[in-house]
Amino acid sequence: MQILLDVLIPVFMIVAFGYISVWTRLFDNSLIEALVKFTQSFAIPVLLLKGMSEVDLTQTFDPALLAAFYLGATVGFFLGFFGARIIFRRDWEDCVAIGFCALFSNSLMLGLAITERAYGPDALQANFAIITLHAPFCYGLGITVMEIVRNSGKSPLGMVKNVLDAMFKNALVIGILAGFLINVTGIDLPSSLETSIDMIAGIALTVALFSMGGILYRYRPDGDLGVILMIAVISLLVHPALVWIFGKKFIKYPNIQLITEPKILPKDAKNNNKNTSYFSDSSSVTKYASDANGKNVPKLRQKINSEK
């Protein structure tokens with residue numbers, strides 16, 4: 001429990017600082033708007049560029065991982081969509097907007113910050129892999145359903161054009177694509193430019209969390225509390241639960257057993273069982289479990305055994 005608090009409290013304290021700063025009028029709305037624009041249009045795109053340029057594409061883009069996440073996101077979208085229609089009697093365009101809110105689950109600002117604090121920077125590669133598909137998948141789903149419910153009579157080609165326009169005018173998408181291009185082509189950036197990117201990326205999440213707090217004060221819940229509660233439940237409870245269920249089904253991890261007494265091993269520990277690994281300390285298990293994905297298990301096992 002203490003570890004959980006140590007991870008979460010600093011992140012939400014930064015959000016609280018932003019909220020309090022606007023509440024006490026240390027920051028006015030114009031300053032918060034400027035911070036939001038800086039983070040969303042510049043700092044976070046630079047962070048995504050840095051992350052995508054450094055990610056190991058051959059190991060990170062696991063189809064099972066992406067399927068588990070985005071299948072859960074799709075279910076969340078339609079739960080929000082039909083919930084808004086059936087429970088709250090909203091018109092179809094409002095239903096799409098509410099479903100679009102339920103489609104996201106704080107995987108960028110809060111997700112990156114919490115994952116980094118809990119597991120370290122190396123664990124962010126899976127996050128970046130998921131975020132890479134956010135724009136094409138989420139914009140594609142949301143805008144396509146919106147065009148359908150509007151019954152605007154546009155051709156499929158027109159809908160595709162709208163989706164592409166929305167995607168490629170987004171600074172986050174531009175940052176992701178730039179980082180992907182650097183990664184694939186192997187371009188070596190000048191050291192001064194890399195240093196600048198590192199410096200901007202280093203402050204991106206902190207400033208984003210602070211500005212989020214300020215925005216939360218400005219747009220306090222009012223009037224649509226039922227809709228807000230439904231979106232929060234879908235995004236924060238239903239979606240993660242679905243990803244966990246789908247992940248257990250789709251993603252195959254090696255069997256890990258912790259041996260608390262190094263000198264006493266089970267009888268089959270000496271067998272050549274490639275699906276089971278035995279460790280005598282929890283740190284080895286943590287290191288193993290944070291990286292193992294079923295593809296590089298033999299290599300990883302050899303690496304950890306050499307470090308014991």
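Buried means under 20% relative accessible area, exposed means over 50%, and partly exposed lies in between. The model discussed here is predicted.

Q: Why is Cys101 called partly exposed?
A: The relative accessibility of Cys101 is 42%.

Q: What makes Cys95 buried?
A: Cys95 has a relative accessible area of 0%. The cut-off for buried is under 20%, therefore Cys95 is buried.

Q: How many disulfides does the count come to?
A: The count comes to 0 disulfides. The rule asks for a pair of cysteine sulfur atoms within 2.5 Å.

Q: Why does His239 count as buried?
A: His239 is found in helix α12, residues 225-250. Its relative accessibility is 2%, and buried means under 20%, so His239 counts as buried.

Q: Which residues does His239 touch, not counting residues up to four places away in sequence?
A: His239 touches Phe69, Gly72, Ala73, Leu103, Ser105 and Ile234 on that basis. With Ala73 there is also a polar atom pair: the backbone nitrogen of Ala73 lies 3.3 Å from a polar atom of the His239 side chain. The limit for a polar contact is 3.5 Å, so the 3.3 Å pair falls within it.

Q: How do you know that Ala135 is buried rather than exposed?
A: Ala135, found in helix α8 (residues 134-150), has a relative accessible area of 7%. Buried requires under 20%, so Ala135 is buried.

Q: What separates the C-alpha atoms of Ala135 and Val173?
A: These C-alpha atoms are separated by 6.6 Å, while the two residues are 38 residues apart along the chain. Val173 is also among the residues that Ala135 touches, with Gly140 and Met167, not counting residues up to four places away in sequence.

Q: Which residues of the largest nonpolar core touch the most other members?
A: Of its 24 residues, these are Ile44, Leu48, Leu108, Met109, Leu112 and Leu209. Helices α1, α2, α6, α7, α10 and α11 each supply at least two residues of this core. The largest share, 6 residues, comes from α11.

Q: What is Leu48 in contact with, leaving aside its neighbours within four places in sequence?
A: Leu48 is in contact with Leu108, Phe128, Ile131, Leu172, Gly175 and Ile176. Apart from the core of 24 residues lies another core, of 21 residues, among them Leu66, Phe81, Cys138 and Met230.

Key:
Residues numbered from 1 in each chain as written. Predicted model: local features only at pLDDT ≥ 70, side-chain atom pairs only at ≥ 80, totals over all residues. Heavy atoms only, no water. Helix = DSSP H or I, 4+ residues; strand = E, 2+ residues; numbered from the N terminus. Buried < 20%, exposed > 50% of the residue type's maximum accessible area, 1.4 Å probe, protein only. Polar contact = N/O pair within 3.5 Å; in protein donor to acceptor, adjacent residues only side chain to side chain. Contact = heavy atoms within 4.5 Å. Core = buried A, V, L, I, M, F, W, Y, C linked by side-chain atoms within 4.5 Å.
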